[in-house]
Amino acid sequence: MKKVTLFTRVRCHLCDDAHAALERVRARLPFELAVVDLDRDADPEKRALYDWEVPVVELEGRKIMKYRVDERRLERLLAGGD
């Protein structure tokens, strides 16, 4: 099963929207989802890398999206395309 990681922050409405979009995709096409609070749980490297870009979505450790989740593109990536 593929792993998707959402880097988020507290009180971030774009992060909430991204999480909801990921859950909609996950209902159609299962994947493991990890939600990482950038300020509390992320390692310093990720914090420095994504500080101004939240939310950020990684697939198998590779950044694939920031700010918004393109559900159709995520489905293609999960299926092995794109």
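**Exercise 1. Find the residue in β3 that is the bridge partner of Leu6.**

Solution. Start at Leu6 and step across to β3: the partner there is Val57. Next, look at the two strands as a whole. β1 covers residues 3–8 and β3 covers residues 56–59; they run antiparallel and are joined by four bridges. Strands here are DSSP runs of E with at least two residues, helices are runs of H or I with at least four, and both are numbered from the N terminus. Two strands count as paired if DSSP finds at least two bridges between them.

Before you go on: this is a predicted model, where local features need pLDDT of at least 70 and side-chain atom pairs count only at pLDDT 80 or more, while totals for chains, interfaces and linings use all residues. Residues are numbered from 1 along each chain as its sequence is written, and side-chain values use heavy atoms, leaving out hydrogens and water.

**Exercise 2. Work out the strand order of the open sheet, and name its edge strands.**

Solution. First, read the order of the four strands: β2-β1-β3-β4, with mixed pairing. Then pick out the strands that pair on one side only, namely β2 (32–37) and β4 (62–66).

**Exercise 3. Locate the disulfide and say whether its cysteines are buried or exposed.**

Solution. Begin with the sulfur atoms: a disulfide is a pair of cysteine sulfurs within 2.5 Å. Cys12 and Cys15 are joined this way, with S to S at 2.3 Å. Finally, Cys12 and Cys15 are both buried (under 20% relative accessible area; exposed is over 50%, partly exposed in between; 1.4 Å probe, protein chains only).
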